[in-house]
Amino acid sequence: MKESVLNRLLARVEKPARYIGGEWNSIVKERADVRFALLFPDVYEIGMSHLGSRILYHVLNGEEGVACERAFAPWPDMERALTEENERLFSLETKRPLGEFDVLGFSLLYEMCYTNILQMLDLSGVPLRSAGRGEDDPLVICGGPCACNPEPIAPFMDAVLIGDGEEMTLELVRAVKRAKDEGRSKRELLKELSGMRGVYVPSLKTAETKVVRRIVHDLDKTPFTGEPIVPYLGIVHDRVALEVMRGCTRGCRFCQAGYIYRPVRERKSETVMELARQQVSCTGYDEVSLLSLSTGDYSEVHKLVPQIIREMQAGRVSVALPSLRVDSVLANDLSVMQTVRKAGLTFAPEAGTQRLRDVINKNVTEDDIMRAAADAFEAGWSGVKLYFMIGLPTETDEDVLGIVELAKKISARFYAMPKEKRGRGLRMTVSVSTFVPKPFTAFQWCAQVSPDEIRRRQELLRGAIKGVRGAQLKCHYSDLSVLEAAFSRGDGKLADVLERAYVLGCRFDAWTEHFRPDAWERAFAENDARAADYAERAYAPDAPLPWDFVDMLVTREYLLREWERAQRGETTPDCREKCNGCFGARYETDCRIS
Amino acid sequence: MKLIAAYHKGRSLAMISHLDVQRTLQRAMRRAGLPLMYSNGFNPHPLLSFATAAATGMSSDCEWFEVQFSEEISPEEFVRRANAAMPEGMSLSDAFAPPEGFGSLSAKLRAAEYRVAITFEKDSAPVDENRLQSALDEVLKGDITIEKRTKKGIRPVAQRPYILKVSVEEVGDGFAVLRVLGRLQADGGLRAGAVADALLERLDAHGVYGLQRTRMFFAGDGPLPRLPSE
């Protein structure tokens with residue numbers, strides 16, 4: 001794209017820095033054998049906060065002859081500018097139209113960004129459906145957690161990558177390069193790709209197709225983000241992110257990430273420290289955060305946390321610790337942290353009563369929560385965030401009101417401290433989202449509670465929380481949860497609905513100001529379907545599921561066992577204590593914990 | 001110790017905001033391992049202060065700022081090390097150590113010079129030097145008012161009193177370049193874009209323009225540039 005054209009487009013949008021590229025550590029390759037566009041179907045500030053994309057950017061650009069460039073979903077002002085100026089969506093690095101790339105690879109982090117995939121393809125002049133694309137069109141692929149149920153987006157994809165992307169994506173670009181060199185057709189290439197573990201090629205699907213999730217075995221030896229890009233624009237997670245561990249051993253029954261990232265794999269604390277030093281020095285960031293699904297369970301947490309806080313502090317770098325569970329014994333570390341920044345503390349009890357916490361296997365007791373809150377308050381914290389879900393299987397009004405009871409006790413604990421010790425007033429946010437059943441969880445067979453009933457339960461909460469000192473209730477939008485549920489457990493028919501919704505103008509559905517329930521309703525109706533029928537559908541345990549052909553390593557038998565235990569209110573121990581056989585016999589050796 | 005220097009914001013970075021610039025400078029200086037001084041308090045940040053903000057959309061050759069260090073460092077070493085860690089399109093120059101009691105840059109700021117490059121759209125009638133000059137003369141005879149967003153809402157601000165000098169530097173096929181000198185102080189100053197807007201309106205033409213701040217002028221003695229007339 002010519003500079004004058006770019007400037008004309010930039011002059012028309014609210015945040016032009018989203019589209020300029022040129023950031024510190026971004027990689028521009030003028031010559032390449034294979035050009036791979038790493039696409040994120042949401043705005044720059046969100047997409048640049050995604051660690052997985054940053055890892056792939058580094059891995060792909062590290063490959064000789066491969067250029068990996070980025071593009072993000074253009075905000076509606078830029079979409080309008082591109083359409084009116086008759087220009088194509090372009091990459092940030094070389095400002096090339098996306099249609100000129102060999103591969104377009106989308107990251108799928110949540111279902112409600114699917115319309116943006118179609119928007120990005122459309123603005124690139126690439127036919128939306130795989131069947132409509134020719135030899136000269138780019139190979140369109142996707143990966144990420146949502147890929148575990150690929151059917152709703154499968155017709156738009158030439159290939160879907162299921163599982164850890166570090167090795168699989170490299171193998172794919174190598175295959176693309178070979179096919180280019182040898183002049184082989186796309187169909188031949190796809191045939192080769194379909195033979196790789198983790199790769200699903202929708203156009204070659206048969207009744208026998210089984211796609212087995214790909215994993216990297218040794219996280220410590222797996223490449224990380226190299227020298228990460230430092231954006232000009234403030235992004236959502238504007239700091240060095242260090243992945244200490246992948247996977248989780250807890251087995252919370254609603255949590256898809258807890259099942260689909262098994263087995264747990266850790267980086268050694270020395271490796272994490274080394275990465276911290278290297279990344280801080282090559283980015284200039286003043287904050288690092290330790291990422292994992294449950295950092296409190298990281299086996300070297302008590303070694304790493306004090307060490308990294310102390311060392312980073314010396315260089316005026318603060319340390320953020322998201323995903324710390326309430327039952328982690330981190331009181332000592334907390335007192336060290338106090339000297340750094342007093343960011344808010346986050347607890348996720350998920351359910352208000354012990355009975356329901358047992359159903360979801362959130363093995364946290366009220367005592368654990370109260371102790372953690374007390375530790376935090378004594379250490380000087382006054383901001384607390386509590387995360388809950390409503391609409392969980394077997395939930396009653398007593399469970400819903402239990403959320404308020406717990407908030408009340410935490411508030412009382414805070415105000416029981418002498419005035420001079422507690423400093424500022426309590427700021428307790430009680431955040432309540434709506435349960436969405438997800439594939440490959442113990443609750444994959446469950447129906448979602450209807451929006452009307454969710455609203456009634458939210459009202460119940462609103463009424464009860466009044467008078468709890470220092471508490472602020474935040475309930476999440478329920479209509480969006482219905483769509484999320486429909487797409488997360490959706491089938492191939494939803495691809496038609498999705499395309500229609502896109503044509504009717506749906507974009508950025510996760511952004512309240514852009515969400516258009518009326519257009520979605522119409523898109524469903526025109527396809528003789530209802531979102532509620534998908535969301536509120538309860539599957540019989542022996543019924544076929546749209547994602548049955550995907551093997552995420554965790555077996556159906558195990559998930560069913562968990563679902564039955566849930567209904568009996570029986571908990572399952574953390575698999576670090578005892579192997580629960582979640583992989584069955586077939587992939588036993590893929591897990592090294594047992 | 002304090003150092004004063006100018007940063008340059010190239011055309012490719014015209015679209016980043018002043019806040020983005022601040023972050024970029026801080027991170028570059030951290031990468032360079034410079035001994036920055038930090039503020040006390042809840043969220044310590046490096047002590048940087050700017051003569052003024054460079055608006056989003058404007059490039060610049062002369063954004064003066066001041067930075068505090070916890071250790072002695074020579075102006076030359078500061079510039080060398082910082083520039084090695086700057087992203088493309090951003091660089092420092094002209095660093096010096098101000099004498100004791102030098103005062104703040106924003107208080108000393110008096111005026112700035114801009115290069116305004118206008119590109120006329122194809123559907124506009126051709127603009128030659130005479131037509132441009134007479135339109136400019138007309139514009140400068142009248143009032144130019146812009147709408148400024150303040151805490152109290154949108155209010156009109158007269159721009160004419162801030163204009164010191166406007167000259168036509170170049171006129172070509174479909175483009176024109178102006179050189180604009182205007183007052184600029186902590187309490188207000190010229191928005192160079194207002195001159196271009198008024199000129200386009202007077203010419204009844206459509207076009208886009210690029211702004212570049214070319215020089216800043218300050219009051220008082222010392223190495224900072226001063227207006228020739230003052």
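**A parallel sheet, an enclosed helix and the chain contact**

In chain A of this predicted model, three strands form an open sheet in the order β8-β11-β12, with parallel pairing; strands are taken as DSSP runs of E of at least two residues and helices as runs of H or I of at least four, both numbered from the N terminus, and two strands pair if DSSP finds at least two bridges between them. The edges of the sheet are β8 (240–243) and β12 (318–320) of chain A, each of which pairs on one side only. From one strand to the next the twist averages 25°, where axes are lines fitted to C-alpha atoms, for helices over the stretch in contact, and angles run from 0 to 180 degrees between N-to-C directions. Residues are numbered from 1 along each chain as its sequence is written, while chains are lettered from A and ligands numbered from 1 in the order in which they are written. As the model is predicted, local features need pLDDT of at least 70 and side-chain atom pairs count only at pLDDT 80 or more, whereas totals for chains, interfaces and linings use all residues.

Strands of a sheet pair through backbone hydrogen bonds, either parallel or antiparallel. In β11(A), V288(A) and L290(A) make up the covered face, and E287(A), S289(A) and L291(A) the uncovered one. Helix α9 (residues 269–283) of chain A lies across β8 and β11 of chain A and runs at about 160° to β8(A).

The crossing of α16(A) with α17(A) is right-handed, the near helix being turned clockwise from the far one by less than a right angle. Contact, defined by C-beta atoms, placed from the backbone, that lie within 7 Å, is made by P451(A), I454(A) and R455(A) of α16(A) and by S478(A), D479(A) and V482(A) of α17(A). Of the residues in this contact, three are nonpolar, one is polar and two are charged; Ala, Val, Leu, Ile, Met, Phe, Trp, Tyr, Cys and Pro count as nonpolar, Asp, Glu, Lys and Arg as charged, and the others, Gly among them, as polar.

Ten of the eleven residues of α17(A) are buried, so this helix is largely enclosed by the rest of the structure; a residue is buried if 20 or more other C-beta atoms lie within 10 Å of its own, exposed if 12 or fewer, and partly exposed in between. The buried residues of α17(A) include L480(A), L483(A) and F487(A), and the buried set packs against α5 (114–123), β15 (427–434), α16, α18 (493–503), α19 (517–526) and α20 (531–535) of chain A.

Several backbone features stand out in the two chains. A cis peptide bond with omega of about -5° joins R262(A) and P263(A), and P263(A) is placed in the loop between α8 (256–260) and β10 (265–266) of chain A. T394(A), although not a glycine, has a positive phi of about 70°; T394(A) is found in the loop between β14 (383–390) and α14 (397–415) of chain A and is partly exposed, with 13 other C-beta atoms within 10 Å. In chain B, D94(B) likewise has a positive phi, of about 55°, without being a glycine; D94(B) lies in strand β4 (residues 90–96) of chain B and is partly exposed, with 16 other C-beta atoms within 10 Å.

Chain B contains five helices and eleven strands, and its C-alpha trace spans about 60 × 35 × 30 Å along its principal axes. Of its 230 residues, 34% count as buried. The contact between the chains takes 16 residues from chain B and 20 residues from chain A. On the side of chain B that touches chain A, helix α1 (residues 18–31) of chain B gives the largest share, six residues, and the residues of that side divide into seven nonpolar, four polar and five charged.

Key. Contact = placed C-beta atoms within 7 Å.
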